[in-house]
Amino acid sequence: MIPFVLNLILAAVPALILLFYFTWKDRQKPEPLGLIWKTFVFGFLAVLPAIAIEYVLSFLGMTFTGRVELLFRAFIMAGLVEESLKLGVILLFI
């Protein structure tokens, strides 16, 4: 359980640093702070459906070998799934 919590913390820290930095830099015309935090939390929670979708897609990826498998994992699993979920958070909540 500790490695899981440690991974969550390590994943959140860079995003939190960037969030605080850009919030600090945007002092002249700040966005609503509640909206920023809500979007951050929902973006962070987008990991959960990404895990489920990538788990299912990993079985499809086993049919590929070599470079095709690497391309599938990089562009379909990581790129398409994760970035689509992030875009969904932005479109639904902002």
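The model is predicted, so local features need pLDDT of at least 70, side-chain atom pairs count only at pLDDT 80 or more, and totals for chains, interfaces and linings use all residues. Residues are numbered from 1 along each chain as its sequence is written, and side-chain values use heavy atoms, with hydrogens and water left out. Helices are DSSP runs (H or I, at least four residues), numbered from the N terminus. Helix H2 covers residues 33-45 and helix H3 residues 47-61, while helix H4 covers 66-93.

**H2 and H3**

- Helices H2 and H3 pack at an angle of about 20°, and their axes are 4 Å apart. Axes are lines fitted to C-alpha atoms, for helices over the stretch in contact, and angles run from 0 to 180 degrees between N-to-C directions.
- H2 and H3 are therefore roughly parallel to each other (angles under 35 degrees count as roughly parallel, over 145 as roughly antiparallel, 65 to 115 as roughly perpendicular and the rest as oblique).
- Gly43, Phe44 and Leu45 of H2 meet Val47, Leu48 and Pro49 of H3, where contact means heavy atoms within 4.5 Å.
- The residues of this contact between H2 and H3 comprise five nonpolar, one polar and no charged. Ala, Val, Leu, Ile, Met, Phe, Trp, Tyr, Cys and Pro count as nonpolar, Asp, Glu, Lys and Arg as charged, and the others, Gly among them, as polar.

**H2 and H4**

- The axes of H2 and H4 come within 9 Å and cross at roughly 145°.
- The crossing of H2 and H4 is right-handed. A crossing is left-handed if the near helix is turned anticlockwise from the far one by less than a right angle, and right-handed if clockwise.
- On the H2 side, the contact is made by Leu35, Lys38, Thr39, Phe42 and Gly43; on the H4 side, it is made by Val89, Ile90 and Phe93.
- The residues of the contact of H2 with H4 divide into five nonpolar, two polar and one charged.
- Phe93 belongs to helix H4 and, at 27% relative accessibility, counts as partly exposed. Buried means under 20% relative accessible area, exposed over 50%, and partly exposed in between (1.4 Å probe, protein chains only).
- Leaving aside its neighbours within four places in sequence, Phe93 touches Leu35, Lys38 and Phe42.
- Phe93 and Leu35 are 58 residues apart in sequence, and their C-alpha atoms are 8.1 Å apart in space.

**H3 and H4**

- The axes of H3 and H4 come within 10 Å and cross at roughly 155°; H3 and H4 are therefore roughly antiparallel to each other.
- H3 passes H4 in a right-handed crossing.
- From H3, Pro49, Ala50, Ile53, Glu54, Leu57, Ser58, Leu60 and Gly61 take part in the contact. They meet Glu69, Phe72, Arg73, Ile76, Met77, Ala78, Val81, Glu82 and Leu85 of H4.
- The residues of the contact of H3 with H4 divide into eleven nonpolar, two polar and four charged.
- The buried residues of H3 are Ala50, Glu54, Leu57, Ser58 and Gly61, and these pack against helix H4.
- An α-helix has 3.6 residues a turn, so residues three or four places apart point the same way.

**Length of H3**

- At 1.5 Å a residue, the 15 residues of H3 should span 21 Å, and its end C-alpha atoms are 20 Å apart, which agrees. The expected span of a helix is 1.5 Å times one less than its number of residues.

- Ser58 lies in helix H3 and is buried, with a relative accessible area of 18%. Its contacts, leaving aside neighbours within four places in sequence, are Arg73 and Met77.
- Glu69 lies in helix H4 and is partly exposed, with a relative accessible area of 23%. Leaving aside its neighbours within four places in sequence, Glu69 is in contact with Gly61 and Phe64.
- Glu69 and Ser58 are eleven residues apart in sequence and 9.8 Å apart in space, C-alpha to C-alpha.
- Leu80 is placed in helix H4 and is partly exposed, with a relative accessible area of 48%.
- Leu80 and Leu8 are 72 residues apart in sequence and 22 Å apart in space, C-alpha to C-alpha.

Key. Helix = DSSP H or I, 4+ residues; strand = E, 2+ residues; numbered from the N terminus.
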